[in-house]
Structure formats: C-alpha cells, structure tokens
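Q: I am new to this structure and would be grateful for a close look at one part of it, the place where two chains meet.
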Amino acid sequence: MPPKAAMPRQPIAPNLPDDVAARVRQVIDERRHLPGALLPVLHAVQDALGYVPDDAVPLIAHELNLSRAEVHGVVSFYHHFRTHAPGRHVVRICRAEACQALGARALEAHAKKTLGIDFHETTNDGAITLEAVYCLGNCGCGPSVLVDPDELHARVTPEQFDALVGTLREVAK
Amino acid sequence: MTARIFISRDSTALALGADATARAIEAEARKRGMDVTIVRNGSRGMFWLEPLVEIDAPAGRIGFGPIKASDVPALFDAGFERGNVHGLRVGPIEMIPYFERQERLTFARVGVTDPVSVDDYRAHGGYRGLDNALAMGGEDIVKAVTESGLRGRGGAAFPAGIKWKTVLGTQSQQKYIVCNADEGDSGTFSDRMLMEGDPLCLVEGMTIAGLAVGATQGYIYLRSEYPHAHRALSEAIASAYEAGYLGPSIKGTSKRFDLEVRLGAGAYICGEETSLLDSLEGKRGQVRFKPPLPAIKGLFGQPTVINNVITLASVPIILDRGAEFYKDYGVGRSRGTLPLQLAGNLKHTGLVEKAFGVTLRELLYDYGGGSYSGRPIRAVQVGGPLGAYLPESQFDTVVDYEAFAQVGAMLGHGGIVAFDDTVDMLEQARYAMEFCSIESCGKCTPCRIGSTRGVEVLDRIRAGIERDKNIVVLKDLFETMRFGSLCAMGGLTPDPVRSALQYFPEDFEVRA
C-alpha cells in the first residue's frame with residue numbers, strides 16, 4: 001500500500017480572529033489546572049468577550065481535551081452563556097413567582113413592547129439586550145431587574161423601567 | 001472616638017439604594033468635618049426599613065430607615081449620629097417586635113458584624129465551634145451533629161448527621177465538602193443573606209464538616225445570579241486564609257482545609273445535588289441515578305458531603321453550644337430553627353428565623369403585616385416553584401416538615417410567597433409547568449416532555465377546549481410526572497398545579 005500523504009494541518013479555530021483566539025487561550029491557560037475547568041473557562045470567556053462565540057468552541061475543546069460536542073453541550077445547557085454578542089447593556093427581568101406577585105408579568109410585557117424586542121434580543125440601536133432571569137434573591141422587593149453584572153433594582157414599575165432604560169441609553173452613547 | 005455607622009451591603013439593600021446612602025453619609029460627614037467609620041454589614045432582614053442606617057449608641061444600636069441619599073443632610077441636622085430623635089428613627093433595632101420575637105441562632109451575626117472581618121467574627125462568638133471541633137475526633141463531631149437533630153435545610157430535610165456518618169465511614173484518599181449555594185427557589189434568599197451578611201459562618205461550618213469526615217477540599221457552588229454574595233464570599237475566604245483558618249495548617253494544627261467558590265450558570269436544576277456535582281465537574285448539569293449516593297461516590301467519584309448553605313452555617317453553633325442547646329428549639333422531628341423568608345405581596349418582607357412551630361398565619365399577618373397592595377391575601381406558595389399553593393383555609397398549618405407534608409405541601413427551603421386576590425391561579429399553574437419545561441435537565445421523559453404537554457393542556461383549558469376532558473388528562477399527567485420522573489423537579493412540578501386546581505377550581509372554569 002502506498003504511504004498516505006500527510007494531511008495539511010488545519011487551524012483549530014479558523015474563523016476566530018487572532019487577537020480573540022489569543023485572549024481565549026490566555027483565559028484557558030489561567031484555569032486549565034482547575035478540576036472541572038470548563039465552567040470557569042466559559043465564564044471567563046464570556047466575561048472577557050461578552051459571549052462565547054461558536055467559533056471559539058473548537059479551540060476550547062482542543063485546549064481542554066474535550067470533544068466539540070461536549071463543549072457545545074455545556075454552552076447550550078446553561079442559560080447564562082450566550083453565543084451572540086450582546087448590546088452595550090444587558091437588562092435581566094426576573095420572571096419568578098415572588099416578582100409575579102408584585103407585577104412582574106406586566107413589567108415583562110411592558111419591557112418587550114417599549115423596547116420592541118423579545119427576550120434574548122437586542123434593540124436596533126445596540127444599546128439593550130433583554131434577558132429573562134429566574135430569581136435574583138430580591139424576592140421581598142420585586143419586581144426585580146438586574147442591569148449588567150451586578151446593578152440590582154427593586155420594586156421596578158413600568159415608569160421606572162423606562163427611566164432606567166433612558167439612563168442606560170445615555171450611558172451607552 | 002470615631003462614630004461607627006452601619007449600612008448594609010446586602011443585595012436587597014443595594015437594590016433599594018444603600019450605596020447612594022453610604023456615599024451621601026460619607027460626603028456629609030466630610031463636609032461637616034466629622035470622623036465616622038462606615039461599616040458595610042449584612043441586612044437585619046427587615047426590608048421595609050432598607051436602606052437602614054444604624055449607629056452605635058450607649059444603649060445599643062439605634063436604627064434609622066428607610067434612609068434615601070436625599071434624607072442624609074436632614075439626618076445630620078437632627079444630630080442623628082448621637083442617636084437623637086428624627087422622623088425616620090426606628091429606635092433600638094433589637095427591640096423592633098419583628099426582630100425581637102425571632103430566635104436568631106444561625107443568623108445571630110447577620111446585620112451585626114462586618115461580614116468579612118475575622119476579628120469581628122471572633123468577637124461575636126465566631127470560630128468557637130471550630131476551636132471545639134479541633135479538639136474532637138471526627139466521630140464525635142458527627143455525633144454532635146446527629147444528636148442536634150439538624151436536617152438538611154435545602155428542602156429535602158434529610159438528617160445531616162447521617163450523610164456525614166456515611167462519608168466518614170467511606171475510605172478514600174480524597175473526600176470533598178460541597179456547599180449547595182444554588183438557591184434557585186423563588187421566594188428564598190436566606191442563603192444569599194447569610195453569604196452576604198456572615199459568610200465566615202459558612203466557611204467555619206464547612207471547615208468543621210471537613211474535620212468531621214476527613215475532607216481537605218471544599219467547594220461552594222454559588223449561582224451566578226448572586227454577584228454580591230460572590231464578592232462577600234471571596235473576601236471572607238481571603239480573610240480566613242490570611243488569618244490561618246483555611247489552608248494547609250488550620251490554626252497551626254496538622255489539619256488542612258482548602259475552600260473555593262465556583263459559579264453556576266443559570267440552571268435551576270443544578271440545585272439538585274447530583275446535577276450540581278456534574279456541573280462542578282464541568283459538565284451539563286444533569287441528574288444522576290442514585291445509588292450510588294454522593295456520600296459514597298460524589299464529586300469526581302469521591303465520597304462527598306453535600307449540604308445547603310443554611311445547614312452548614314448551622315453547624316458552628318451546634319459545635320459551640322452543644323447538640324442539646326440546638327435540639328431544645330423546635331417541635332416533633334423538626335429541631336432547631338428555620339430562617340423563613342417572607343416574600344412577594346407582603347408589607348413587611350424579610351427574614352424571620354424562628355424555631356419550628358410557628359404558624360403560616362402568624363408569619364403572614366403578625367410578621368408580614370398582611371399584603372403590600374392592601375388587598376386580601378388569596379394564595380401562598382411555600383417552598384419554591386415546586387411547592388403547593390395554599391388558600392386561606394390552610395393558613396393555620398404549623399411550620400414543621402411533617403405538618404406541611406400532611407397537607408400535601410412542602411416547607412422546602414422556607415420561602416413564603418404571598419399573592420393577593422388579583423392572582424390568576426390558572427396562570428400560576430401554567431407557569432409551574434412552563435418553568436419545568438424551561439429548567440428540566442432533559443434526562444428523563446416525564447419531566448422534559450410532561451411539562452411541555454402540561455403547558456399545552458392548561459392552554460386548552462384556558463381556551464375552553466374540551467375543558468373537562470383536559471382536566472382528566474392533566475390529572476393523569478400529574479401521576480406520570482410524579483411517579484416517573486428521576487428527581488424532584490419533574491416529580492414535584494405537579495404539586496403547585498394540583499393544589500391550584502384543588503383549592504382554586506373557579507380559576508379553571510371556562511370563562512363566560
């Protein structure tokens with residue numbers, strides 16, 4: 001049998017820009033020693049890039065010695081991880097029971113209508129991404145809204161929501 | 001002497017403007033050339049007073065609240081730093097009836113101390129439990145926890161001592177202590193308040209658990225929705241390492257314990273212990289078959305103690321004051337205290353730590369002060385999204401694991417969510433199914449598909465399509481989910497739906 005010609009080596013993540021790939025590699029290098037490193041790595045990637053790009057999945061898989069299916073399975077399992085770049089601000093509205101008891105359903109409907117988007121979508125001006133969240137632990141003072149990583153708002157009325165969005169749009173400029 | 005002013009760093013206090021209040025007080029004090037130290041403590045758990053500002057006075061801590069940033073100059077004008085009378089003065093905090101009538105054991109320091117200071121923690125009785133534990137053998141520690149009657153506070157109420165004993169008796173090179181801090185039930189926030197208000201208590205409890213069973217590594221699996229708890233825990237763990245309470249040689253002994261916080265990623269199911277373990281291992285958070293029990297094959301296949309935050313945080317006081325002291329609180333087989341969380345449509349929401357035995361009605365009206373909206377309370381959901389909805393006729397149920405089970409309900413993690421008479425119980429039932437369909441791990445069919453079918457059936461009932469037949473289908477679905485699901489998620493999702501149908505049948509009638 002004739003010897004097989006060596007296959008040309010394919011880049012692991014061909015569609016990932018070099019600078020992004022370097023960033024992802026760095027994040028992985030800082031955490032690969034952790035037992036069960038995948039979740040900490042995905043958190044760090046999302047913290048650094050705002051999302052976990054599909055194109056980064058092969059790189060993460062390769063570096064952690066996992067299959068792409070395993071990494072994709074984990075990214076898609078957890079609500080927290082997004083695979084598309086968010087707007088400049090992420091606004092999360094609590095949908096859970098304690099907030100429902102104080103008007104969260106009406107707030108959710110109001111938010112979708114005034115922003116003109118559904119959950120997991122971004123406004124046309126790129127300012128706001130709307131997401132659902134199931135409990136922020138602020139169950140005594142709902143409806144609760146979380147802006148970006150840690151700015152929590154209590155007893156949010158539709159009017160206050162509009163004011164909040166107005167402020168975020170200003171900041172976004 | 002520098003005046004000490006306390007303003008909470010608790011999430012709810014922050015959501016109500018505590019940071020702005022703290023900044024205003026700092027600025028005002030500087031303007032007036034006054035020397036003040038601001039301590040960012042936990043919350044006392046009286047949310048209608050947040051942002052609560054407390055000062056040290058000869059007679060004890062005097063509170064003012066709620067204090068918005070705009071109230072601050074007037075507060076200084078009235079000489080509040082010396083505890084003088086002011087319109088928003090609520091007086092000595094510990095004499096407020098809501099607070100005075102509680103039995104604060106696990107929450108004794110929350111809202112009192114600087115949460116991340118080891119010195120402050122020690123000055124208020126902290127680490128006395130660990131001191132005792134260091135002088136005891138593992139068997140004796142486990143015996144104390146067993147004798148205290150402490151049951152898992154996460155919801156399942158399994159005796160903590162029995163779990164620990166199993167891990168202690170299983171031989172292995174490596175064992176783990178895992179804290180379940182994935183407090184996903186709506187209406188619950190006691191874990192969060194403890195982690196933000198007294199995180200060292202959890203650190204101490206986990207360290208004691210490590211000594212008890214011979215585990216050297218602990219993980220706190222914290223939900224990602226709790227960024228402020230994450231910050232407080234990280235600071236507290238760093239302080240504990242610095243003070244020699246964590247690391248290779250605990251307080252100079254040959255005992256080792258290391259502790260790390262890991263973040264979840266927004267999956268309710270990861271509050272189920274075996275899903276949590278899979279998640280910690282870096283996988284999808286899917287439920288495992290049991291056996292093997294986590295106590296025998298848990299994290300990375302090793303013997304693992306996995307307990308809820310409040311369970312572990314109740315351990316220091318048991319080791320400090322003794323099993324008998326703790327056991328003296330409570331009724332029947334429910335011993336000790338339970339931090340109850342008053343949430344939803346109530347006037348006085350917050351945290352009430354009481355010995356078992358208080359009634360739901362007392363909690364709703366004597367503590368909660370009735371509804372926030374001023375309308376009648378129609379329904380109460382206890383125990384999170386998998387808990388039953390109870391009508392007024394059940395409000396005399398006693399807070400006790402067995403008493404709740406008797407009325408087809410569940411105490412769970414102690415969250416109490418009140419709804420006024422504007423609630424549509426069919427909508428709540430539909431949401432219970434919808435939530436299960438969103439959060440199901442997908443491993444078993446009754447949960448994954450059953451919940452989806454449940455939403456559809458309830459939509460048909462709402463639309464008046466063959467209502468009676470669909471009620472039969474719905475009840476059949478309850479049985480399939482209850483008996484066919486792998487874990488409590490699918491197994492208990494029928495409970496809120498069934499109870500809504502049972503107690504509020506009028507909401508399931510065809511609308512005229």
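How many salt bridges does the rule find across the interface of chain A and chain B?

A: The model is a predicted one, in which local features need pLDDT of at least 70 and side-chain atom pairs count only at pLDDT 80 or more, while totals for chains, interfaces and linings use all residues. Residues are numbered from 1 along each chain as its sequence is written, chains are lettered from A and ligands numbered from 1 in the order in which they are written, and side-chain values use heavy atoms, with hydrogens and water left out.

The rule finds 3 salt bridges across the interface of chain A and chain B, a salt bridge being a side-chain nitrogen of Lys or Arg within 4 Å of a carboxyl oxygen of Asp or Glu. B:Glu434 forms a salt bridge with A:Arg95, and their closest N and O atoms are 3.2 Å apart. On the side of chain A that touches chain B, the elements giving two or more residues are α2 (38-49), α4 (68-77), α5 (97-100) and β5 (151-153) of chain A; helices (H or I, at least four residues) and strands (E, at least two) are DSSP runs, numbered from the N terminus. The residues of this side comprise 22 nonpolar, 11 polar and 5 charged, where Ala, Val, Leu, Ile, Met, Phe, Trp, Tyr, Cys and Pro count as nonpolar, Asp, Glu, Lys and Arg as charged, and the others, Gly among them, as polar.

As to extent, chain A gives 38 residues to the contact and chain B gives 60, contact meaning heavy atoms within 4.5 Å. About 3,700 Å² is buried between the two chains, and carbon and sulfur atoms give 56% of that area; buried area is the accessible area (1.4 Å probe) that two parts lose on being put together, summed over both. A:Phe77, A:Glu97 and A:Tyr134 supply 18% of the area that chain A buries against chain B, more than any other three residues.

B:Glu434 also belongs to the buried residues of helix α18 of chain B. This helix (residues 425-439) has 15 residues and reaches 21 Å from its first C-alpha to its last, close to the 21 Å expected at 1.5 Å a residue, the expected span being 1.5 Å times one less than the number of residues. Of its 15 residues, 11 are buried, so α18(B) is largely enclosed by the rest of the structure; buried means under 20% relative accessible area, exposed over 50%, and partly exposed in between (1.4 Å probe, protein chains only). At the start of α18(B), a side-chain oxygen of B:Asp424 comes to within 3.0 Å of the backbone nitrogen of B:Leu426.

Key:
Polar contact = N/O pair within 3.5 Å; in protein donor to acceptor, adjacent residues only side chain to side chain.
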